[in-house]
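Me: I'd like to learn how to read a few features of this model with you. Could we go through them one at a time?

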Amino acid sequence: MAHESESVSLLPPEVISEILVRLPVKSLLMMRCVSKSWLSLISTRQFIKTHLEFSTNKQDFAHDILLLSSSSYEHTLRFYTCSLYAIMYQESPHVPDDLDFPCKDPLVEYNFVGSCDGLLCISGGARDLFLWNPSIRKSKKLPMSGSNVHCSSYLAYGVGYNECQDDYKVVEVMGSSHSEYGFQNEFRVYSLRTNSWKMIQEYPGVIFCNDPAKFVNGRLHWIATRVSDKNDSWFISSLNLVDETYENVGLPDLVYGNFDWELGILGGNLCVFCDYYKVQMDVWVMKAYGLVESWTKVASIPYFRAIEHSPFPVFISHNDEILLQHGSSLLIYNSTDNTFKHPQVQIHHGYEIQFSLYTKSLVSPHFVED
């Protein structure tokens, strides 16, 4: 072992870094025990960022992970992971790995409210929020935001990354109705770097959908509508995490009729899923962020007899196979030959399951100083 350590120490530091940055998180956690210098290297913010960039820029998704969050009637929230490659291309059934969620108070209702770069955000009851990275088994309870949640009409959340400040942010939107002031939104932003909350400018007269925000291009996106809009028409509202300003994102040229729509992310791009119930679901992708003319309809997924719930796209492959959540199960739609497959995932816990893509990372819920 001493000879191995000596030979490793002869390698230039930049070569060691180039080797280590290509390893999966599980291997890197073990590599920290090789030497103090390796532990120091792997723990730096620069290495963590470079490793994350290398992992997310891979064209091959053989190491990508599907995250399953499962709720039960006892308020229990459990998480599982499964290989995306196995789901797409290997035979069923698939047995996912059970993650050890650290928050287990049976009297508290936990909800999964967002994620970014391997950090999961979970709400506990009306007040508590947690950040958790299951890959490195670290979690953190956030300080109170200061919101008077008992006066709220709804709470919406988003998790994202401010590249200019190298800082992860959690955004809480509290909507409330006042007889004197009308409908108001209070925006509070948590900074991982400072471990503190602050209020930012309001966005009055708007009601936000309380689904977790979609983080794309440095901005958090929600579906929203104006209180004064008697037609109840919805639009996409975004919050820039750098300058904390609000903008609206133009919608694609939808064929209007009886439909519902949701926001999503496919391949890192903002998406609109337009569900013409019991007819088809159109999948629109904004291929160049901010350009309305770049909205492209990449698929029209037909309903067939076995589809009882609205399908929700989770992933699209390079050969246009689309992984869909269908209730608490999965479907794979091949747009080339218009066929469906039914991968089986064995979970014996929970009545409500959500599927999403997950990036294994070294990002800590505790701010790391270099």
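**Reading the hairpin, a helix and a pocket**

Reply: Gladly! E6 and E7 form a hairpin with four residues between them, and Arg 137 in the turn has a positive phi of about 60°. This is a predicted model, where local features need pLDDT of at least 70, side-chain atom pairs count only at pLDDT 80 or more, and totals for chains, interfaces and linings use all residues. Residues are numbered from 1 along each chain as its sequence is written, and side-chain values use heavy atoms, with hydrogens and water left out.

Me: How many bridges join E6 to E7?

Reply: Two strands pair if DSSP finds at least two bridges between them; strands (E, at least two residues) and helices (H or I, at least four) are DSSP runs, numbered from the N terminus. Here four bridges join E6 (residues 128–133) to E7 (residues 138–141), and the strands run antiparallel. Leu 131, for instance, has Lys 140 in E7 as its bridge partner.

Me: Is Arg 137 buried or exposed?

Reply: Buried means under 20% relative accessible area, exposed over 50%, and partly exposed in between (1.4 Å probe, protein chains only). Arg 137 counts as exposed, at 78% relative accessibility. Compare Ser 147, in the loop between E7 and E8: Ser 147 is buried, with a relative accessible area of 5%.

Me: Which residues of H5 are buried?

Reply: They are Arg 45, Phe 47, Ile 48, His 51 and Leu 52. These residues lie on the same side of H5, because they cover an arc of only 165° around the axis, taken from the directions from the helix axis to the C-beta atoms.

Me: What lines the second largest pocket?

Reply: Rolling a probe the size of a water molecule over the atoms shows where empty space is left. On a 1 Å grid over the protein atoms alone, a pocket is an open set of points where a 1.4 Å probe fits, with protein on both sides within 12 Å along at least five of seven lines; lining residues have an atom within 4 Å of a point. In this model 13 residues line the second largest pocket, and Asn 111, Val 113, Ser 123, Leu 155 and Tyr 157 lie nearest its centre. Strand E8 gives the most to this lining, with four residues.

Me: Where is the cis peptide bond?

Reply: The cis peptide bond joins Ser 92 and Pro 93, with omega about 0°. Pro 93 lies in the loop between helix H6 (84–89) and strand E3 (97–99).
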